[in-house]
Amino acid sequence: MDAAFLRSLTPSVLGALVRRGADFAAAEDAVQDALVEAVRVWPTAPPRDPRGWLLTVAWRRFLDATRADTARRRREDRVDAEPAPGHAPAVDDTLQLYFLCAHPALTPASAVALTLRAVGGLTTRQIAQAYLVPEATMAQRISRAKRTVSGVRFDRPGDVATVLRVLYLVFNEGYLGEVDLSAEAVRLTRQLAAAIDHPEVAGLLALMLLHHARRPARTAPDGSLVPLAEQDRGRWDTAAIAEGVEILQTALARDRLGEFQAQAAIAALHADAPTAEETDWVQIVEWYDELVRLTGSPIARLNRAVALGEADGPRAGLAELSGLDETLPRHTAAAAYLHERAGDTATAARLYAEAARKATSLAERDHLTRRAARLNNSRNV
Amino acid sequence: MAKYLLLKHYRGGPAAVNDVPMDQWTPEEISAHMQYMHDFAARLEETGEFVDGQALAPEGTFVRYDGEGRPPVTDGPFAETKDLIAGWMVIDVDTYERAVELAGELSAAPGAGGKPIHEWLELRPFLTAPPTVTD
């Protein structure tokens, strides 16, 4: 059985239950039960209408649970009076569920956990494993999140930007565990793009596809990071690049630029270069200008300085960098790189070593340490 | 989310405000301290922020490789070792500020006279996975 297909039905089924008046937390438990039941039953008895099957089973589970709860007897009368499950507008329900799980009242970590479970259909154990925390901790995080949003009604649209931030977090900050969080983020964003027509949703999907396409080339067999300039571009996923570029072009044509479209445009320019030397850095700098204008983000300014170093030479990059806050993440690493490009290997080696001490990820620290070691060795020969 | 290690030192850090060794507390004060630690961990589990907590025996052995075909060499314990780790707690929180807030709470565990120990805890971030989006 196709687990991804089964999980793709999750949000519309859960959304339908909530729309029929089911309490969100109880409905979510009922849908999880129905998913487990489907895994057990479908291999031998595949349903003709999978979504209808899930909806019926989840609804029955919800009613059973509600009946068992005598404290909720009044609600039982109300839900029993609801019409029998039929075909619901699946797309709207799905969309409402994305909004609910990214509700501004939730902390980022809670929103991520709830989205993966309620929209993604992952089990608590899988989410706990993906974020390297005990299952009991993740179960509590999810149940608190459910309680936080349990009073929210499905009657008005939420803010797309909050949903995009949650999906971006899932994509960008995943560990490489049993659950492929980047692939899951792509799937959830693709599903969102099918439910709502919005250029920034398309922009985020394009951004994810373009970065996901590079993944096979991003790490060496020993697990070490391979920087963009040194990647074997023959190992990039050309189908994902083509799809990302097409989605981006359609979005850009609508002339409602946003940060994710600008970021995707930068990724697309990298994807478009047959070799690192042929990268169109001038255009990349222009897109960073847009990104800085849209977000004011100091990280975007830092990346712009590095791009400027490629477009106008390392001295120009260093001059730009000197105007930025030195405590910015990766500021030292960027300075090291630009000094290396400028031929000042002694300064570069010292800064790489300093950047390694400040790195927040193990792979980056090892990468920066290797750069420092390589420069130190070449100087000593 | 970011994971942090809260490291408790037997010695090596600056002295606590309420710096009385545990063997000079009353049994009730020790029980109150243990209960506080237990409740703290339970509360963190409820907020979805608990990852791990362990206590270590004060004395350990140093071990090193001694060449092909030879058993490892053991040595110690070294009474003069300056830094001695008592145990740790690992938390998974949204921000650095939250990590500091929780470390402050843990440091308020009651000691002699039922008063907060105000002990120094070392707070260290875990290295994470590298971000996917790099340009």
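## Sheet of chain B

Two strands pair if DSSP finds at least two bridges between them, and both strands (E, at least two residues) and helices (H or I, at least four residues) are DSSP runs numbered from the N terminus. By this criterion, strand S1 (residues 2-11) of chain B is joined by nine bridges to strand S5 (residues 84-93) of chain B, and the two run antiparallel. Within this pair, Leu5(B) stands opposite Val90(B) in S5(B), while the bridge partner of Tyr4(B) in S5(B) is Ile91(B). S1(B) is also joined by five bridges to strand S6 (residues 121-125) of chain B, again antiparallel, and here Lys8(B) stands opposite Leu121(B) in S6(B).

These pairings belong to an open sheet of four strands in chain B, with the order S2-S5-S1-S6 and antiparallel pairing. Strand S2 (50-55) and S6 of chain B are the edge strands, each pairing on one side only. On average, neighbouring strands of this sheet are turned by 20° against each other, direction ignored, where the axes are lines fitted to C-alpha atoms and angles run from 0 to 180 degrees between N-to-C directions.

## Basis of the model

This is a predicted model, in which local features need pLDDT of at least 70 and side-chain atom pairs count only at pLDDT 80 or more, whereas totals for chains, interfaces and linings use all residues. Residues are numbered from 1 along each chain as its sequence is written, and chains are lettered from A and ligands numbered from 1 in the order in which they are written.

## Domains of chain A

The domain assignment, automatic or taken from a database, divides chain A into domain 1 (3-81), domain 2 (93-175) and domain 3 (197-271). The C-alpha centres of domain 2 and domain 3 of chain A lie 25 Å apart. Five residues of domain 2 and six residues of domain 3 of chain A take part in the contact between them, two residues being in contact if their C-beta atoms, placed from the backbone, lie within 7 Å. On the side of domain 2 of chain A that touches domain 3, there are five nonpolar, no polar and no charged residues; Ala, Val, Leu, Ile, Met, Phe, Trp, Tyr, Cys and Pro count as nonpolar, Asp, Glu, Lys and Arg as charged, and the others, Gly among them, as polar.

An unreviewed UniProt entry carries the annotation "domain: RNA polymerase sigma-70 region" for residues 7-69 of chain A; such annotations may be inferred rather than shown by experiment. Over residues 7-69 of chain A, the chain is 78% helix and 0% strand, with the end C-alpha atoms 28 Å apart.

## Contact between the chains

Chain A contributes 32 residues and chain B 17 residues to the contact. Among the elements that each supply at least two residues of the chain A side are helix H7 (108-119), helix H9 (135-149) and helix H21 (362-380) of chain A. H9(A) gives the most, with six residues. By class, the chain A side that touches chain B divides into 16 nonpolar, eleven polar and five charged residues.

## Positive phi in two loops

Most residues other than glycine have a negative phi. Leu132(A), although not a glycine, has a positive phi of about 55°, and it lies in the loop between helix H8 (124-130) and H9 of chain A. Arg330(A), likewise not a glycine, has a positive phi of about 70°, and its place is in the loop between helix H18 (314-322) and helix H19 (331-341) of chain A.

Leu132(A) is partly exposed, with 16 other C-beta atoms within 10 Å, whereas Arg330(A) is buried, with 20 other C-beta atoms within 10 Å. A residue is buried if 20 or more other C-beta atoms lie within 10 Å of its own, exposed if 12 or fewer, and partly exposed in between, with C-beta atoms placed from the backbone.
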